[in-house]
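Here's a quick look at how the pieces of this structure pack against each other.

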Number of protein chains: 2
Amino acid sequence: MKHGGDLITYEKYYDGDLIDFSSNINPLGPPKGLYEELIKGFPTLTSYPDIKYRHLKSSIAKYLKCPIENIVVGNGAVDIINNFISIFPRIMVLLPSFLEYEQRALAYDKEIIRLNYKEDFTLDLEAIEKNIRPRDLLILGNPNNPTGLRIHKDILIKLYGIIRKKNGYLLLDEAFYEFCPEDYDSIEIFKEYSFDNVSIIRAATKFFGLPGIRLGYGCISEKPIREYEKMELPWSVNALADIAGRYIFECKDYIEESRAYIEKERQFLLKELGAIDGIKAFNTHTNYILIKLLKWNEEYIFNFFLKRGLLIRKCSSFNGLDDSYIRVAIKDRKSNEKLIKAFRELERI
Amino acid sequence: MKHGGDLITYEKYYDGDLIDFSSNINPLGPPKGLYEELIKGFPTLTSYPDIKYRHLKSSIAKYLKCPIENIVVGNGAVDIINNFISIFPRIMVLLPSFLEYEQRALAYDKEIIRLNYKEDFTLDLEAIEKNIRPRDLLILGNPNNPTGLRIHKDILIKLYGIIRKKNGYLLLDEAFYEFCPEDYDSIEIFKEYSFDNVSIIRAATKFFGLPGIRLGYGCISEKPIREYEKMELPWSVNALADIAGRYIFECKDYIEESRAYIEKERQFLLKELGAIDGIKAFNTHTNYILIKLLKWNEEYIFNFFLKRGLLIRKCSSFNGLDDSYIRVAIKDRKSNEKLIKAFRELERI
């Protein structure tokens, strides 16, 4: 199980509709009015998408408050991350984190430097400073997956100092950015440095409830842009993803409503999970929660929940975590209550 | 101008709707009923596509009459071609051909062996035999773009003999397959050899009138599959492209109608173009025609047609062709007549 969301494999083990806690998608679904926009956009399927994605990039630049020259788009955030990995000689990752960082580096036979997060899953700046070399690409989830923690603003600025001093390169994977409290915007911070040696990647996948549409985007630095563009496939974004990207970022009410909804459910779930015996739920800044199992292994828990129609994410496939961790998404209240109910049953065993 | 279909760049030079002869798309548009299928499929946007694309691959396997184990899918044919290029040490191309073969090889810093087609744009088997080395990837358009010619069956079988003897690898880009006369099916031929050292790539882009949907697929050999899979990005096909792929291959009437339509228009255009002074239209097996300009250069002709609302493809960007070639798509009768009318005006200059 390399990724969550694999309903097709597991649906046969449960008589009914599985609730997917294994992938971390906005429970409110996509913005209202999107499907009508897509229908209006059907005629665009019969032409190639604009190879330069001019309208789409302009809409993203406005949303991110970032110069359009710095915008890239891709077939999901993973496409952009993949292009970055392909152009750097050495990749540094912190464990545990999203498996694809290492997978893509392995695909290109890149040297990989693996460091660990501290025990509380915060950054180990000393280890990074000690190990990073010029031209190393450091990839960090912000918030990180599966731990759910966002880098503190002061730490991020300290880290950036190290990156510049050592002439490394920082790639922030912010695919879950909008779910987080609005403490800072890394694009606003790094814009002042003209994104020197730093790029930020985001996506429509999680927050806008559209994992099927495959739309990632990023705000990237000028320096590797030419090398980066060489790696980009032509027409990497589907015409309907292009249409969606021109619509969703304008949905301000939806964005506010989703943030507030997740905030409320995050508090609800953290409180409820905190009261369950035999597990330790870690704090989170986003829409999923990492849980340490104190009495069981992931396999047992996975099957226990599957029998109750709930698909959770086993975490031993994340390097740096053993089989005593699971991850659950924050979903709608009714689903979250079902999750808590199942945990209470577990408590009584 | 690396690719056709760039309407956004040129629409400002013409007061009205440009007719796009620069990209080669089925003029009948996508199969009837597709948009209704896509609408029914909107809810799939809120989940990740099946990471293994089981239903989609099963539908393609049935259409291609090919074992499902051999099927790969990608974000357009170019995604699959790109993955192939990334895993072979040396790439052999014949000129002129689709520019992306070389572009992708350059992106990966691969050694490129460039040979030429013969003067009549047929294969130079001797040159291939002389130059190909073990593990070389030979990429051939079949039919080739921009020349429009399909490899004769006997020549293809001879070529395959050379490939196997030399332990090279043959990648056939058959993105325009369905437009061609049904003289042979390379998948049927190579199935008997278990696709040993050969793979065939096709796409929904051209024939099914869906360049915006980004759906390529291929029938690939067992040997590099594991290496190939390592390069594949997860969820490379958009959820609606997945839906489309499960629908369009069942549209038998549409397929027949499109073939017959293109056959008729091909005969019409070849005959009409053959009667125009100052150009030489080459024979074609597919839905586009390469034209040698005997009196003008591509730039002059491009602007001449643009002023009349017709966007054609300049060909000097194809290595192996100079600025005395253009390519035009075969479109609907009304558009084709406009094209001929413009050529007649040109004749009178």
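## Salt bridges across the chains

Keep in mind that this is a predicted model. Between chain B and chain A you get two salt bridges. One of them pairs Arg54(A) with Asp6(B), with the closest N and O atoms 3.0 Å apart.

## What chain B brings

The top contributor is α5(B), with four. Sorted by class, that side holds 26 nonpolar, 14 polar and eleven charged residues.

As for the overall extent, 51 residues from chain B meet 51 residues from chain A. Together the two chains bury about 4,300 Å², with 63% of that on carbon and sulfur atoms.

## Inside chain A

Chain A is assigned domain 1 (7-29 + 252-347) and domain 2 (34-250), and their C-alpha centres sit 25 Å apart. Domain 1 puts 25 residues into the contact and domain 2 puts in 32. About 2,500 Å² gets buried here, 61% of it from carbon and sulfur atoms. Arg259(A), His285(A) and Asn319(A) lose the most area on the domain 1 side, together 26% of what that side buries.

Arg259(A) also turns up in a salt bridge with Glu182(A), closest N and O atoms 3.7 Å apart. The count between the two domains is one salt bridge, plus 13 residue pairs in polar contact (both at pLDDT 80 or more). From domain 1, α11 (252-274) and β10 (288-293) each give two or more residues to the contact, and α11(A) has the largest share with seven.

Notes
Residues numbered from 1 in each chain as written. Chains lettered and ligands numbered in written order. Predicted model: local features only at pLDDT ≥ 70, side-chain atom pairs only at ≥ 80, totals over all residues. Heavy atoms only, no water. Contact = heavy atoms within 4.5 Å. Buried area = accessible area lost by both parts, 1.4 Å probe. Salt bridge = Lys/Arg side-chain N within 4 Å of Asp/Glu carboxyl O. Nonpolar A, V, L, I, M, F, W, Y, C, P; charged D, E, K, R; others polar. Domains from an automatic or database assignment. Polar contact = N/O pair within 3.5 Å; in protein donor to acceptor, adjacent residues only side chain to side chain.
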